[in-house]
Amino acid sequence: MNELLQTVAGPLPVASVRGPVLAHEHLALDLTRGADRAATLTPGHRAAITEELAALRREFGLSLVVELTCRGMGRDVAGMARIAADASVAVVAATGWYYEPFHPEELSRTSAERLARTLVGEIERGCGGSGIRPGVIGEVGSHGDLPSEPEARTLRAAALAATATGLSVATHAQFGRGGLAQLELLTAAGLPPHRVSIGHQDLLDDPAVHRELAASGAYIAFDTVGKESYQSDRVRLRLLLALLESGFADRVLLSCDVSRHGYLLSEGGMGYGHLFRSFLPRLRAAGVDEETIDGLTRRNPLRFLTGREGPDGRAPAADGRPADGPAQPTGPPR
């Protein structure tokens, strides 16, 4: 269990994070290895990103952004540090490998153990000689219902590095699929489920899978809020309310996953603030109270990052639930 968060500006006491956290965002990336030439956030977009985050700090108290651009995704930790300083919003950087189409060629010849040593080196000494250390491993990816062999190796490497360093692992589950297989692989490598966040589950309309992941003790990331071309917020709201009503309010993380410049407010997109300006008001209108919303947007991501479980920081029970038993339903009445 950690009392400090590793940010791009150095260690940050957990107690100083008093406002909401965006649990999965991108501030600098380049995914143009694929067919999508617009999937970039470049230095030319830095001023617009900075202004968005600064406005969210002023309006909603935004305190922390978990930036999940990892190796092979155009990561720019120095750029992140500049944005964090100028916006006065803390930023946690990441390490790891994305899903297979973005793997460098050398991964095909490298064992999970050797890959893990590479990640541990970045976590302990910083990224690319910058001295800026990652505070989370992610977004470590797979696509399909089962990880490919290279994806299985990078997931296992992430678990090995996480257990060696005390960091948590956030995954990319393409279109929400394959989360159960990801969790099985990560936990088989020794990583406790409460140190895992399974990504993009708001793209998977399968409440039974969400409940199974949550019951294991893993976090469920509803992290593409506002991406209506993938899934409507109406469906996201229904899926989230189902999790809350099942008693899993302590297992959910929320974010928007801004992953191209077209999503920026300055270009007519939803922006990083869509969660606060649109989705959370709908959640409140559905009857969810402020204590629960603070858990979803602040306490849960902090517990995920630090490994804390329960309000007093107790370790989880063997089944991954807090030692004081399962959470009680906190959503609106049925």
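Let's start with α4 and helix α5, residues 179-188. In this predicted model, the two pack at an angle of about 50°, with their axes 8 Å apart. They are therefore oblique to each other. The crossing of α4 and α5 is right-handed. On the α4 side, the contact is made by Ala152, Leu155, Arg156 and Ala159. On the α5 side, Gln182, Leu185 and Leu186 take part. By class, the contact of α4 with α5 divides into 5 nonpolar residues, 1 polar and 1 charged.

Now the other partner of α4. Helix α3 covers residues 112-125, and helix α4 covers 149-165. Their packing angle is about 45°, and their axes are 8 Å apart. That makes α3 oblique to α4. This crossing, α3 with α4, is right-handed. Who meets whom? From α3 come Ala112, Glu113, Leu115, Ala116, Leu119, Val120 and Ile123. From α4 come Arg153, Thr154, Arg156, Ala157, Ala158, Leu160, Ala161, Ala164 and Thr165. Sorted by class, the contact of α3 with α4 has 11 nonpolar, 2 polar and 3 charged residues. Look at Arg156. Arg156 is listed in the contact with α3, and Arg156 is listed in the contact with α5.

On to the nonpolar interior. In soluble globular proteins, nonpolar side chains tend to be buried together. Here, the largest nonpolar core has 85 residues. Which residues have the most contacts inside it? They are Leu53, Ile137, Tyr272, Leu275 and Leu283. Helix α7, residues 233-245, gives the most to this core, with 7 residues. Take Leu283 as an example. Setting aside residues up to four places away in sequence, Leu283 touches Leu237, Leu240, Leu241, Val288, Ile293 and Leu296. Another core lies apart from the largest one. That one has 19 residues, among them Leu68, Ala90, Leu253 and Leu305.

Ser63 sits in the loop between α1, residues 46-60, and β6, residues 64-67. Is Ser63 buried or exposed? Buried: the relative accessible area of Ser63 is 19%, and the cut-off for buried is under 20%. Beyond its neighbours within four places in sequence, Ser63 is in contact with Val17, Arg18, Gly19 and Pro20, and also with Val89 and Ala90.

Next, backbone points to check. Start with the cis peptide bond. Which residues does it join? Gly138 and Glu139, with omega about -10°. Glu139 lies in strand β9, residues 136-142.

Then positive phi. Ser88 has a positive phi of about 55°, although it is not a glycine. Ser88 belongs to the loop between α2, residues 77-87, and β7, residues 90-92. Phe175 is another case: its phi is near 55°, a positive value in a residue other than glycine.

Where is Phe175? In the loop between β10, residues 169-173, and α5. With 48% relative accessibility, Phe175 counts as partly exposed. Gln174 is in the loop between β10 and α5 too. At 16% relative accessibility, though, Gln174 counts as buried. What does Gln174 touch, not counting residues up to four places away in sequence? Tyr99, Ser142 and His143. Ser142 falls in β9, which spans residues 136-142. Gln174 and Leu203 are 29 residues apart in sequence. In space, their C-alpha atoms are 8.8 Å apart.

Last stop, Tyr230. Tyr230 is found in the loop between β12, residues 219-222, and α7. The relative accessible area of Tyr230 is 41%, which makes it partly exposed. Leaving out residues up to four places away in sequence, Tyr230 touches Phe175, Leu203, Arg260 and Tyr263. How many residues separate Tyr230 and Phe175 in sequence? 55 residues. Their C-alpha to C-alpha distance is 8.2 Å.

To recap. Helix α4 packs with α3, and α4 packs with α5. The largest nonpolar core has 85 residues, and another, of 19 residues, lies apart from it. The cis peptide bond is at Gly138 and Glu139. Positive phi values turn up at Ser88 and at Phe175. And Phe175 is one of the residues that Tyr230 touches.

Terms used:
Residues numbered from 1 in each chain as written. Predicted model: local features only at pLDDT ≥ 70, side-chain atom pairs only at ≥ 80, totals over all residues. Heavy atoms only, no water. Axes fitted to C-alpha atoms, helices over the stretch in contact; angles between N-to-C directions. Helix = DSSP H or I, 4+ residues; strand = E, 2+ residues; numbered from the N terminus. Parallel < 35°, antiparallel > 145°, perpendicular 65-115°, else oblique. Left-handed = near helix turned anticlockwise from the far one by under 90°. Contact = heavy atoms within 4.5 Å. Nonpolar A, V, L, I, M, F, W, Y, C, P; charged D, E, K, R; others polar. Core = buried A, V, L, I, M, F, W, Y, C linked by side-chain atoms within 4.5 Å. Buried < 20%, exposed > 50% of the residue type's maximum accessible area, 1.4 Å probe, protein only.
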